[in-house]
Amino acid sequence: MAIAKSERLMNLALCLLGTRRPLSKRELRGSIEAYLEASGDDAFNRMFERDKDDLRELGLVIETVENLEGETGYLARRDSNRLPPITLDAEEAAALGLAAKVWQQARLAGAASGALQKLRAAGMPEAGDSYDTQPSALEPRIPVHEAAFEPLMLACRDRRPVVFDYRKANAARPETRQVEPWTLECWRGHWYLAGWDRDRGAERVFRLSRITGKVRSRAGAFTAPVPDVVTVRETVESWAGETATRSARIRLRAGCGYPLRARAQAATEGGDGWDELEIPYGHGLDAWLVEFGPDVVVLEPADLRADVVERLRAVAKG
């Protein structure tokens, strides 16, 4: 089986940190299993150079020196790669303790718990434990139910292209999408992936609950530049309907649709069991309204009504 890149980088870092003398490419290749599996010298050299650059980008200080045989050698001195002592005040420790309790997903919860234990062992103030001993009526949670979350999170971290089948809300069948993943965003309880759609040659946003089947990783580098975090977040919010450009009028069944009522700019109670609301209309509102099913009827504008009807018909077709 192919060895994961993260494991290969870890093995290379351990070799460079554990040696007292510079190690040549030849010695490193004989010490790391992934390099032994490389098909030929050229493949190994390319892999090694990429790994070395990735480790340096992550902050590892790698020295290049010439050994006694005249070969170029590499090592990472421990004194050059030792982090300074971690000092946290009580408020910072409390914030970390609260943040570690946010994740509900099992693997992330375990990693957060392990990190807290290491910080406490290093002397983190006991005030950080107050969130463990004092129950609270309200606690933050980030639910992660989609199977696609973990592979996409790793692909975003490692900058690996992915392929998955995606079913749009108004489509009867899923389509295969080739994506360069940038980041994951949670908005209104749903997870979204923002990235570069290779087939369409444009930035796209995908809702994780509409990904069907497995997320498959692909080799190779990204072909499009990755924007900064703020730009990606704005894209997710805009796609999901956060940016409103006009208003829409809808009828909403009495006692239903409280998220819509919370956003209403105006509301009129009807005597027939239905209320009329004016709500902000932005991109993605049609997909949100469909989630309320028969409890919502769009009055205007006509294009929004047509989009909602089209989506409902696609759902009815299965």
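1. Contact here means heavy atoms within 4.5 Å. By that criterion, and leaving out residues up to four places away in sequence, Leu 16 touches Leu 28, Ile 62, Tyr 74, Leu 75 and Ala 76.

2. This is a predicted model: local features need pLDDT of at least 70, side-chain atom pairs count only at pLDDT 80 or more, and totals for chains, interfaces and linings use all residues. Numbering starts from 1 along each chain as its sequence is written, and side-chain values use heavy atoms, without hydrogens and water.

3. The largest nonpolar core has 19 residues. Such a core is a set of buried Ala, Val, Leu, Ile, Met, Phe, Trp, Tyr and Cys residues joined through side-chain atoms within 4.5 Å. Buried is under 20% relative accessible area, exposed over 50%, partly exposed in between (1.4 Å probe, protein chains only). Leu 12, Leu 16 and Phe 48 are among the residues with the most contacts inside this core.

4. Lys 52 lies in helix α4. Helices are DSSP runs (H or I, at least four residues), as are strands (E, at least two), numbered from the N terminus. Lys 52 counts as buried because its relative accessibility is 6%. Not counting residues up to four places away in sequence, Lys 52 touches Leu 12, Ile 62 and Tyr 74.

5. An open sheet holds 5 strands, ordered β7-β6-β5-β4-β8, with antiparallel pairing. Two strands pair if DSSP finds at least two bridges between them. The edge strands, β7 (202-207) and β8 (211-217), each pair on one side only. Strand β4 (residues 162-166) is joined to β8 by 4 bridges. Val 162 stands opposite Ser 217 in β8.
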